[in-house]
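Dear colleague,

I am handing over the model we spoke about, and my notes on it follow below. Please read them with the structure open beside you.

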Amino acid sequence: HIGWALIGASNVARQWIVDAIRVQNDSSIVTVLSSSDERGAKFANENAIPAHVTDIGAILADDRVNAVYISTTNQFHHVQTIAAAAAGKHVLCEKPLALRVTDAHDMIAACRKAGVVLGINHHLRCNAMHQELRRLLAEGVIGRLNAVRVFHANFLAHALHGWRINDAGGGGLILDSTIHDIDTLRFLIGSNPTHVMAMTQSGRLAHDGMEDGIMVIMRFPGDVLVQIHGSYTVPFSEGGMEFYGSDGVLVGRDCMSQRPAGRLFIRNADGEREIPIHHHNLYHYALATFSAAVRGRGQPAATGEDGLAALTIALAIRESALTGRQIEVDIP
Ligand code: NDP
């Protein structure tokens, strides 16, 4: 049996993860941690969770808890992962893994030392369309890859106008959203960018110079150029990806959301054709791979190392935006 504790009475837990845990075999939610007794009680009550606590120590000492899902705001991921690992709990952590690369490194080391699984919830690689796109790219159906464009602009839902646009310590578009684009590109292309450059916007929604819009250019091995447009402030835009190869183009439409959505098209000398996708819930898939890893089978969909790489690249992008320089990416 996998007994879960939710660390963080968050929106993402409520919307996706409670259900994703409960559809797994032999899994249950034991308790939820909130820094507020009142918020914790409300969350537990609304989600039929039998207990709530305000002290992480109660979770660490609870033998019924084998795994924790950490979805507090980003500055807490580091210390809570280290504490959970030291108590022998498996950790599924939200992105960004940490705010600093050295912290992410320490989290991986702590989980390895404790012999617990560390997974990170980069959900887009769990989308069936991206999984099919990855397979087709690896098969070489569009020949030699030349360039990629990513469209990930939307209007941040009003309910989310909190720390994302107000907390210069842990918020901002890059660590919230662009980091998902990075993880998805790593997953699809199968390598890390070597160089990045970026320009950001600020002030349409986010405060204090925090970014709420971005354009990124990256160079991947094999001289592949990649462009990302990300935004919190663009309504009516559709998320997508285009892969340009020597023999054709692969186009993913409506494929950058949390929903099991996305349509895939191939365009080449034979014309344009839609590739059928059998969608599944992204979070169910993430929890299924994580639960299997806890039971000794395989790895989580995204590992701690994936989280570390995505964070390293995201911080290089932020450094480029701040300095106006091209940054060489060095994944530790
Ligand atoms: P929320 O803002 O809903 O929750 C984050 C924390 O904020 C909670 O732990 C909670 O603290 C605190 N909080 C919530 N409501 C209030 C309130 N009314 N007043 C004061 N504090 C409050 O965060 P999200 O769910 O949007 O994001 C949580 C994490 O998950 C982030 O790391 C984010 O990057 C990630 N995320 C990942 C997604 C994915 O698909 N992979 C999607 C969305 C987010 P407490 O627990 O102490 O009550």
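In this predicted model, helix 6 meets helix 8 through His130, Gln131, Leu133, Arg134 and Leu137 on the side of helix 6, and through Thr184, Phe187 and Leu188 on the side of helix 8. Sorted by class, this contact has 4 nonpolar, 3 polar and 1 charged residues. Helix 6 spans residues 128–139, and its axis and that of helix 8 come within 8 Å and cross at roughly 40°. An angle counts as roughly parallel when under 35 degrees and as roughly perpendicular from 65 to 115, and helix 6 and helix 8 are therefore oblique to each other.

Helix 8, which covers residues 173–189, also packs against helix 10, residues 304–323, at an angle of about 120° and with the two axes 9 Å apart. That angle makes helix 8 oblique to helix 10, and the crossing of the two is right-handed. On helix 8 the contact is made by Ile174, Leu175, Thr178, Ile179, Ile182, Asp183 and Arg186, while helix 10 brings to it Asp306, Ala309, Ala310, Leu311, Ile313, Ala314, Leu315, Ile317 and Arg318. By class, the contact of helix 8 with helix 10 has 11 nonpolar residues, 1 polar residue and 4 charged residues.

A further helix pair is formed by helix 1 (residues 11–22) and helix 9 (residues 282–294), which pack at an angle of about 50° with their axes 9 Å apart. Helix 1 and helix 9 are therefore oblique to each other, and helix 1 passes helix 9 in a right-handed crossing. Trp16, Ile17, Asp19, Ala20 and Ile21 of helix 1 make this contact with Tyr283, His284 and Leu287 of helix 9, and these residues divide into 6 nonpolar, 1 polar and 1 charged.

As for polar atoms, a side-chain atom of Arg39 lies 2.7 Å from an oxygen atom of the ligand, and a polar side-chain atom of Trp163 is placed 2.9 Å from an oxygen atom of the ligand. With Thr72 it is a polar backbone atom that lies 3.3 Å from an oxygen atom of the ligand.

Two points of backbone geometry may be worth a look on your side. Most residues other than glycine have a negative phi, and most peptide bonds are trans. Against that background, the peptide bond from Lys95 to Pro96 is cis, with omega near -10°, and Pro96 sits in the loop between strand 5 (90–93) and helix 5 (101–114). Ala48, a residue other than glycine, has a positive phi, near 55°, and is found in the loop between helix 2 (37–46) and strand 3 (52–53).

Notes
Residues are numbered from 1 along each chain as its sequence is written. This is a predicted model: local features need pLDDT of at least 70, side-chain atom pairs count only at pLDDT 80 or more; totals for chains, interfaces and linings use all residues. Side-chain values use heavy atoms; hydrogens and water are left out. Axes are lines fitted to C-alpha atoms, for helices over the stretch in contact, and angles run from 0 to 180 degrees between N-to-C directions. Helices (H or I, at least four residues) and strands (E, at least two) are DSSP runs, numbered from the N terminus. Angles under 35 degrees count as roughly parallel, over 145 as roughly antiparallel, 65 to 115 as roughly perpendicular and the rest as oblique. A crossing is left-handed if the near helix is turned anticlockwise from the far one by less than a right angle, and right-handed if clockwise. Contact means heavy atoms within 4.5 Å. Ala, Val, Leu, Ile, Met, Phe, Trp, Tyr, Cys and Pro count as nonpolar, Asp, Glu, Lys and Arg as charged, and the others, Gly among them, as polar. A polar contact is a pair of N or O atoms within 3.5 Å; within protein, one must be able to donate a hydrogen and the other to accept it, and residues adjacent in sequence count only if both atoms are side-chain atoms.
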